[in-house]
Amino acid sequence: MKPILHVRNLTKRYGKGCPECFESTGPLRETNQCPRCLSILACRGVSFNLFPGEVLGIVGESGSGKSTVVRLLHFDFEPTEGEFRLSLNGNGNPDRAPGIDPAQNLFTLSAFRRRQVRNDLMGIVYQNARMGLRMKVSAGGNIAERLLMAGGRHVGRMRQRAADLLTQTEVPVRRMNELPRNFSGGMQQRVQIAKALSTRPAVLLLDEVTTGLDVSVQARVLDLIRSLQQELGVATIVVSHDLGVIRLLTSRTVVMRHGCIVEEGLSDQILEDPQHPYTQLLVNSVL
Amino acid sequence: MKPSLPSKAALIPADWRDSGSSARGRYSYAFLDEGAKREIRRKMLKAVAIPGCQVPFGSREMPIARGWGTGGLQLTLALIGPDDVLKVIDQGSDDSVNAVNIKKFVRQVTGVTVTTDTRAATLIQTRHRIPEEPLRPHQLLIFQVPIPEPLRLVEPSERETRRMHAEADYSRMWLYLYEDIVKFNEITVAARYPVLVNRRHLMDPSPIPRWDVAKLNQGEALCLFCAGREKRIYAVPPHTEVAPLSFEDFAFRVEEFGERRCGRCGSTGTYLDEVIDDATGRRTYSCSDTAYCEKIRKRGGATRPGGSGEAPS
């Protein structure tokens, strides 16, 4: 099977950088800050593929660069270096984001085109609902925003679509016109999921979706994500520091430390038989 | 070889230079110095070349306060020549304080003829209205603009709104209208209705009523907009598409006056102001465009002079 998403050599550096940056940082040096120029390499040389319908986990401790990776893929900020390709041939809907060349590095697209790709082909759910939702706009309006950006100009149809999505994500439709800031944390996450799915994305990015929710709500949100993922078959990247989430949702996992991928493999294998010392530590430190 | 520009003195009409009357000789022709006028003209050309795009310019101090039409006045002064005929309107009226003072000032510093007749004017400076009589190709319409940024409503940051314009990212404005429909089941924007110019730039048409927004589309006259305080010039050239934002199931609508007609001239089909008599509480309507109303009255009233401007109830 051909991958839907290719990431090659993804690097994000904060600071001016120096020739020694790459040598003096990384898991072997136990830091991601260059001691000479004090630049921080949030992620460096990250490469992976995502296959159609697959759920890939990115796991690692705080500051390992896992959120940076997905947020770079969502064009939230510019990478220092790297390639990002989407090949949608046969996967997803070809008439959206027209003219996306599978050989094109999406990081070199114009801001306008990147926004188009992000809106039409990608959905993201952030840990903090404030980043993914407009708190002063109704829940239905939040979902409609993506439809409007994609060129939707029929209010009735957009409201119907928003209602359908909220039903799918188990948000009471009667609360569609309320502001999301009046919602509970779990419900905000479900509205975010509905918003992310509104344009039928080819890739779904979940950035620490259940962190900060209490355990029972976590379970409901995870259940929802799993059933929606199975139903829609959308290729998904799950970022988490919680190995339980990784075990429940993902089929394949990459482990990150100090901005690098240190281990990659099937989730079961990583969790049962970790090879890299850091992964062993991670698995052993689960309560 | 450098092309020779006319000397500063040659640009100024002869009688202006020689005369000894009060304003003459002490100020440049049309108040602004030649450098200022040249800059404003250049920025206007740029604005015309990119319809609807806001062009920054060095707004000058004027002898009226910011917010009283300094933007429109600077365009008027940069454009006006000795042969021009000026009309200034404020909310449709030729006689309100703002209009009268601007007219007086421009006449003092240029000596041009002023008029209230839309047909006779070559230069019309306006606040909040477009005249009822259709404009003609040789005429210039200059709008005074309080807030040139249509996205200011949804985004306070100038840097962000510029990015949104650059990327034609107007979904936030669409979302605003969508939310309006969700709350009130209609679009409640009464003035400053956002329009898309030439299918590219979102533009604030200045606080004209929706009634006048439709007149901007494929117009005959050049429309120039200027905000003095915010230091922005933008333009709608003649025969340019100006489309108010609207949804397939919630179309753009202008104000409806039904069977109401002007109480003074009897016209229907004009933009009407509601007038409530303080003593009797009676509600009447009259044309917002006073010059047009006067013209119709002099002609003996509109086709059905028997009608009254009173509201049905």
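Visitor: Which residue of β2(A) is the bridge partner of A:His6?

Guide: This is a predicted model, and what follows is computed from it. Strand β1 (residues 5-14) of chain A pairs with β2(A) in the antiparallel sense, over seven bridges. In β2(A), the bridge partner of A:His6 is A:Asn49.

Visitor: In what order do the strands of the open sheet of three strands in chain A stand?

Guide: β1(A) also pairs with β4(A) in the antiparallel sense, over five bridges. β2 (40-50) and β4 (81-86) of chain A each have a single partner strand and stand at the edges, so one side of each is left without a neighbour in the sheet. From one strand to the next the twist averages 15°. With antiparallel pairing, the order in chain A is β2-β1-β4.

Visitor: Is A:Ile40 buried, partly exposed or exposed?

Guide: A:Ile40 lies in strand β2 of chain A. Leaving aside residues up to four places away in sequence, A:Ile40 touches A:Tyr14, A:Gly15, A:Asn32 and A:Gln33. A buried residue needs 20 or more other C-beta atoms within 10 Å, and an exposed one has 12 or fewer. A:Ile40 has 18 C-beta neighbours inside 10 Å and therefore counts as partly exposed.

Visitor: How far apart in space are A:Ile40 and A:Thr279, C-alpha to C-alpha?

Guide: In sequence, A:Ile40 and A:Thr279 are 239 residues apart. In space, the separation from C-alpha to C-alpha is 23 Å.

Visitor: Which elements are included in what covers the buried residues of α3(A)?

Guide: The residues concerned are A:Gln116, A:Val117, A:Arg118, A:Asn119, A:Asp120 and A:Leu121, which are buried in α3(A). Their cover includes elements of chain A, namely β4, β5 (122-125), α5 and β6 (203-207).

Visitor: Which element gives the largest share of the side of chain A that touches chain B?

Guide: In this interface, 16 residues of chain A are in contact with 14 residues of chain B. The elements of chain A that give two or more residues to its side are α3 (111-121), α5 (139-149) and α6 (155-168). By class, the side of chain A has seven nonpolar, six polar and three charged residues. The largest share, six residues, comes from α5(A).

Visitor: Turning to chain B, why do the buried residues of α6(B) line one face of the helix?

Guide: In helix α6 (residues 158-166) of chain B, the buried residues are B:Thr161, B:Met164 and B:His165. An α-helix has 3.6 residues a turn, so residues three or four places apart point the same way. The exposed residues B:Arg159 and B:Ala166 are carried on the face of α6(B) turned away from its buried side. Seen down the axis of α6(B), the buried residues line one face because they fall within an arc of 100°.

Visitor: How many residues of domain 2 of chain B are in contact with domain 1?

Guide: Chain B is divided into domain 1 (1-255) and domain 2 (257-313). The side of domain 1 that touches domain 2 divides into three nonpolar, five polar and seven charged residues. In chain B, 15 residues of domain 1 are in contact with domain 2, whose own contribution is eight residues.

How values were computed:
Residues are numbered from 1 along each chain as its sequence is written. Chains are lettered from A and ligands numbered from 1 in the order in which they are written. This is a predicted model: local features need pLDDT of at least 70, side-chain atom pairs count only at pLDDT 80 or more; totals for chains, interfaces and linings use all residues. Two residues are in contact if their C-beta atoms, placed from the backbone, lie within 7 Å. Helices (H or I, at least four residues) and strands (E, at least two) are DSSP runs, numbered from the N terminus. Ala, Val, Leu, Ile, Met, Phe, Trp, Tyr, Cys and Pro count as nonpolar, Asp, Glu, Lys and Arg as charged, and the others, Gly among them, as polar. Two strands pair if DSSP finds at least two bridges between them. Axes are lines fitted to C-alpha atoms, for helices over the stretch in contact, and angles run from 0 to 180 degrees between N-to-C directions. The arc is that of the directions from the helix axis to the C-beta atoms. Domain bounds come from an automatic or database domain assignment.
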